[in-house]
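Here is a short tour for anyone who likes to see the numbers beside the picture. Take a look at the structure, and then let us walk through it together.

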Amino acid sequence: MEEISDVQNIEIASEGKQYIVVRLGTEQYGIDIKYVDNIVRNQRITRVPKAQHYFKGVINLRGEIIPVMSLRLKFGLKPDEYTNATRIIIIKLEQQSAIGIIVDEVKEVVTLTGSSIDKATTSDPSDLIQYLSGVGKHGNGLISLLNISAVIVGRESKDVV
Amino acid sequence: MDVSQYLEIFIDETKEHLQTLSDQLMILEQEPENMDTINEIFRAAHSLKGMAGTMGYKRMQRLTHDMENVFQEVRSGNMTVKSELVDVLFRGLDALESYLANILETADEGTEDNEEIINTLNSIADAATGKSSEEAAKPAEQAAPQGGSVPKGGAKYGSIHITDFEKNTFEKAKAQNQNIFGLTVYLQETCILKAARAFLVFKALEELGEVIKAVPDVQDIEDEKFDMDFSLVYFTKESLEKVKAAVENVSEVKEAVVGPFEVILDDAPGAVAKPEPEPVKEEPKEPEKPKAAAQPAAAKTATKPAGTAQPAAAKKTTAKPAVGRTVRVDIEKLDVLMNLVSELIIAKNGLVSINSTEEDTKSDAAFNEQIEYLESVTTNLHESVMKVRMVPIENVVNRFPRMIRDLSKKLNKKMELHMTGEETELDRTVIDEIGDPLQHLLRNSADHGLEDNEERIALGKEEIGNIYLDAYQDGNNVNIEVRDDGAGINVEKVRNKAIEKGTITAEQAENMSDKEIIDLLFRPSFSTAEKITDVSGRGVGLDVVKTKIEGLGGNIECKSVMGEGSSFIIRLPLTLAIIQALMVELGTEKYAIPLGSIETIEDVLVSDIKSVQTKEVINLRGTVIPLIRLDQILDIEASSNEVESLTVVIVKKGNKLAGLVVDNLIGQQEIVIKSIGSYINCSKMIGGATILGDGEIALILEVNALV
């Protein structure tokens, strides 16, 4: 996993990258577009018993069964409130294994170059920092860039066994 | 000629012939005089030779040609079958298999010449035919060597050149703590039958180790194309003195100069000037040069499998094979399929015609009738397609007799493998995966299970150890049992080891039943073998087997009786992808229970539920069955209203029964099993998920984990 995040960091530093900007509560997060397979509306989620608490269950995406995690629960925020803007982002880290991430809203796609990305500061009090690969500046706002592989297979998941 | 279109046929047939060869050789070893067997082998070797020749696989052709030659001699009664011969033939078979593996991957046979096997084969054949004419061999040679003065005590082996490729074997030998010696053997000037003496030297040496390379090469030595001396590179575990003594023991050997061999790397294949004191016939060297040149390519393919991180288990390369995987299908099965498809079309037409008539009065009944028809057709179709995917387990297990034979020699234990139920059929994907685990279990039985022969005699058992491999169908499962009549598992030893390793505490150990202790063997890195052999005992064993089998949707169980042997029972589902299941409702959620594990469905009055050690049980026609409240273990909000009776689905796992309490039965349904992925940390109770007709997802309960 370290390897993946390293590669990601290097790429961010060198070239302009496209990110999908999503909203979670009041904050904006960026997801590297190369991992995004699909964005779908919220749909019926089937609960999976005894799974990690932040996994809401599984959905049926055109005959494929895809587990769905709540980014809010993963980050220790308040549980999701499903609205018309709620979306599930289907991420494919590798072939054959997709995963869905629930976000409050998908806003736009931005291109960030290396110079507009800062390293995430370690003074951040929450341990959210482990899921970030950097902070991007776009317009007036800041976008926390997600280290998507850490989000999906991050430390949390090992705690809940 | 472009033969690539025949490649698949070639591979299929070669596999068949190799299997025949292997089977027949096994028989031959037991019955060296069996003429039918010998003929069968001859035919198989002959067909192989022809096929390899047509496809342009020269090396393969050459090897099979020599094997065939040997059998020609055997067939005509010029020689008898000895165990050395069978050994060499088996090695030849292995070599052929590795050619085939190369062809499978790259459509090329590779560059391994297997000179050694060919030479041994030839020398055996020559020894047989030459026996009568040996004396008359070549007296003419007698005079010639007299003139050649032998440089005293020269260690000519120092100038033997080693190719890159051979260097690999050196490293291997070093890793195995073998000594690498150079040898130069000087024969007496008066020696007449130089080739025969040389042969004796080789034979003496081969008893102690392995001759890697000779100068001049073995073929030339056999043809007496050498002066009074020849040099060798030799691997052995014995000491230098012993080797020297063994060689000098051969009569008419004047002197043997032995010393540790330093590797001179012949890295430039073009290097012609070989500083040999007496340039012995340069020609036979020739084929070695292309070999060295082609080596890097071969080395690349060889390192590929090592690169894939999978340990031990995944020996097969992930590289895309040159040939797709195929299943041979019985034509009858295909006919059935064709029939069903035509019925499917008829059913569809039936529906179309109902739609077009649009007479409301009759259409409902007719529509239902057509739906039912369609249903029966699709069920049959599914069954037949599954049958097409089914292959007899024979395809995997038929290599095991050979393996046990080799193990028997290696471990120096007499043992026999008894197999039954080879015709039992399993899904192709299962067949592909089950080989390694079975092999592992058999090795376990051979290495750890069976006692030494002496020990067996002392214990009053028959000297030859027995290993059984039984496959049979049991309901919706196929069971494969690997049994031995060896020592069985020493439960106390496992218990102590587990405590020592910290797997369990002493108190825990106290309270564990023998069965629970035995189950510890399936934990990762737990091996009780006192020493690690290359047969088994590295402690990566049974847990890998277990993981693999569970990955196939099966389970494994171990039974053992001290002193009487142990048995491993593997249960595998007949089919993987589609199963019949009972759909049940729990609260608002739907779950599927595989029909194969359901015994009965009962209505149980709440008042009939008894409590034993705070666990709920019911007494069903004399059997006490524990109740499992699914809503509790699956964290489902219990329906609060009081009920008088419960719907209980009685399921079984092996001999164990349990009753699953459900809220509602929905009905039986054919479901397609889908994985829910690796990210979600789902409990073992969930065996997968399926998509229902309305697009909703239902989870599949894994009964084996519940009971």
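## Chain B as a whole

Chain B holds 22 helices and 22 strands; please keep in mind that the model is predicted. Of the 707 residues in chain B, 44% are buried. The accessible surface of the chain amounts to about 36,400 Å², and carbon and sulfur atoms account for 51% of that surface.

## A closer look at helix 17

Let us pick out one element, helix 17 of chain B, which covers residues 491-501. Which of its residues are buried? They are B:Val491, B:Val494, B:Arg495 and B:Ala498. Seen down the axis of helix 17, these buried residues fall within an arc of 100 degrees, so they line one face of the helix.

At its start, a side-chain oxygen of B:Asn490 comes to within 3.2 Å of the backbone nitrogen of B:Glu492. Just after the helix, B:Gly502 adopts a positive phi of about 80 degrees.

## Where chain A meets chain B

Now for the interface. Chain A brings 27 residues to the contact and chain B brings 23. Together the two chains bury about 2,000 Å², with 61% of this area coming from carbon and sulfur atoms. On the side of chain A, the residues that lose the most area to chain B are A:Arg47, A:Lys50 and A:Ile65, which together make up 33% of what that side buries.

How many salt bridges does the rule find across the interface of chain A and chain B? There are three. A:Arg44 forms a salt bridge with B:Glu696, and their closest N and O atoms are 3.5 Å apart.

Several elements of chain A give two or more residues to the side that touches chain B, including strand 5 (64-70), strand 6 (87-94), strand 7 (97-103) and helix 3 (148-153). Strand 4 of chain A gives the most to that side, with five residues.

Note on methods:
Residues are numbered from 1 along each chain as its sequence is written. Chains are lettered from A and ligands numbered from 1 in the order in which they are written. This is a predicted model: local features need pLDDT of at least 70, side-chain atom pairs count only at pLDDT 80 or more; totals for chains, interfaces and linings use all residues. Side-chain values use heavy atoms; hydrogens and water are left out. Helices (H or I, at least four residues) and strands (E, at least two) are DSSP runs, numbered from the N terminus. Buried means under 20% relative accessible area, exposed over 50%, partly exposed in between (1.4 Å probe, protein chains only). Accessible areas come from the Shrake-Rupley method with a 1.4 Å probe; for residues, only the protein chains shown count as cover. The arc is that of the directions from the helix axis to the C-beta atoms. A polar contact is a pair of N or O atoms within 3.5 Å; within protein, one must be able to donate a hydrogen and the other to accept it, and residues adjacent in sequence count only if both atoms are side-chain atoms. Contact means heavy atoms within 4.5 Å. Buried area is the accessible area (1.4 Å probe) that two parts lose on being put together, summed over both. A salt bridge is a side-chain nitrogen of Lys or Arg within 4 Å of a carboxyl oxygen of Asp or Glu.
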